[in-house]
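Me: I have a structure open and would like to go through it slowly. Can you help me read it?

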Amino acid sequence: MSQQPVFSLHCLSDLTLEQQSACQALSLAVYPPEEAWAGESIEWSASEWCVIGWDENQRALCYVGAIIRSGTLNDASVKIGGIGGVKTHPGARRKGLAASAIERAIEFFREQKTDFSLLVCDPRLVGFYERLGWQCFEGEMFVTQRGQRSVFKFNLPMIRPVCATISATGVVDLKGPPW
Ligand SMILES: CC(C)(COP(=O)(O)OP(=O)(O)OC[C@H]1O[C@@H](n2cnc3c(N)ncnc32)[C@H](O)[C@@H]1OP(=O)(O)O)[C@@H](O)C(=O)NCCC(=O)NCCS
């Protein structure tokens, strides 16, 4: 990578075919198809927007999915900015790309007046996200799975305030599948 990538926010439905295949190439590099993933059986929500870090040859080096969801936190209605599908090409890691793409997504959530942002992650990534200002949600998270409300236990929810001061404990309900 000779230059810093350019980060841009996209509506997923507006990605060109070339941009879609650049994202697929990134996904394949990060998640080789021969490696099984334990989250395969979970019903996930698709992102609506994404931040992509492009190199000078229009290759996608980094990707962050974004979704806006109306849910509840301790029974109060909240607007949640969801982050998902965070990935950086193995050859471009530890240069701050994921951190920059997440910041761009948070900026978008601020423009959209979301109360807080939420992601779910493997316990091994908690330290990485904590260093970016996220905190573990120390409560229960409810989601919808095939129409049924259920507690999410697959991995760890983490939150980061955006426009509201919020409690990182209690009950959060995503009112839909996770992301
Ligand atoms: C997790 C992942 C997205 C991180 O991507 P990344 O672009 O390497 O992330 P960053 O560069 O912003 O930060 C990663 C580390 O590099 C460090 N770093 C950032 N800039 C750096 C630089 N210029 N030089 C050296 N290290 C740097 C950060 O401090 C961070 O270290 P930490 O983990 O000790 O906090 C990437 O490893 C990945 O794609 N993993 C596989 C998919 C995955 O697990 N996704 C997460 C789903 S929740």
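Reply: We can go from the whole chain to one helix, then to the ligand and a few strands. Please keep in mind that this is a predicted model.

Me: OK, how many helices and strands does the chain have?
Reply: The secondary structure comes to 3 helices and 10 strands, and from the N terminus on the elements run β-α-β-β-β-α-β-α-β-β-β-β-β. The radius of gyration of the chain is 16 Å, close to the 16 Å that the globule rule gives for 179 residues, so the chain is as compact as a globular protein of that length.

Me: And what does the C-alpha trace span along its principal axes?
Reply: The C-alpha trace spans about 50 × 35 × 30 Å along those axes. Buried residues make up 32% of the 179 residues in the chain. Among contacts between residues at least 6 apart in sequence, 74% join residues at least 24 apart.

Me: Let's zoom in on H2, then. Which of its residues are buried?
Reply: Helix H2 covers residues 97-111, and its 15 residues reach 21 Å from the first C-alpha to the last, close to the 21 Å expected. Its buried residues are Leu 97, Ala 98, Ala 101, Ile 102, Ala 105, Ile 106 and Phe 109.

Me: Why do residues three or four places apart in a helix point the same way?
Reply: An α-helix has 3.6 residues a turn, so residues with that spacing point the same way.

Me: What do the buried residues of H2 pack against?
Reply: They pack against six strands, which are S1 (6-11), S2 (49-54), S3 (60-73), S4 (76-88), S5 (116-121) and S9 (156-161). Just after H2, Lys 113 takes a positive phi of about 55°.

Me: Switching topic, which residues come nearest to the ligand?
Reply: Of the 16 residues around the ligand, the nearest are Thr 88, Arg 93, Gly 96, Ala 98 and Ala 99. S4 and H2 each supply at least two residues of this shell, and by class the shell has 9 nonpolar, 2 polar and 5 charged residues.

Me: Back to S2, how many of its residues are buried?
Reply: S2 is mostly covered, with 5 of its 6 residues buried.

Me: And how many bridges join S2 to S3?
Reply: There are 6 bridges joining S2 to S3, and these two strands run antiparallel; the bridge partner of Trp 49 is Ala 66 in S3. S2 and S3 form a hairpin with 5 residues between them, and Gln 58 in the turn has a positive phi of about 60°. S1 and S2 also run antiparallel, joined by 6 bridges, and Ser 8 stands opposite Ile 52 in S2.

Key:
Residues numbered from 1 in each chain as written. Predicted model: local features only at pLDDT ≥ 70, side-chain atom pairs only at ≥ 80, totals over all residues. Helix = DSSP H or I, 4+ residues; strand = E, 2+ residues; numbered from the N terminus. Expected span 1.5 Å × (residues − 1). Buried ≥ 20, exposed ≤ 12 C-beta atoms within 10 Å, placed from the backbone. Contact = placed C-beta atoms within 7 Å. Near = placed C-beta within 6 Å. Nonpolar A, V, L, I, M, F, W, Y, C, P; charged D, E, K, R; others polar. Rg over C-alpha atoms; globule rule 2.2 N^0.38 Å. Pairing = 2+ DSSP bridges.
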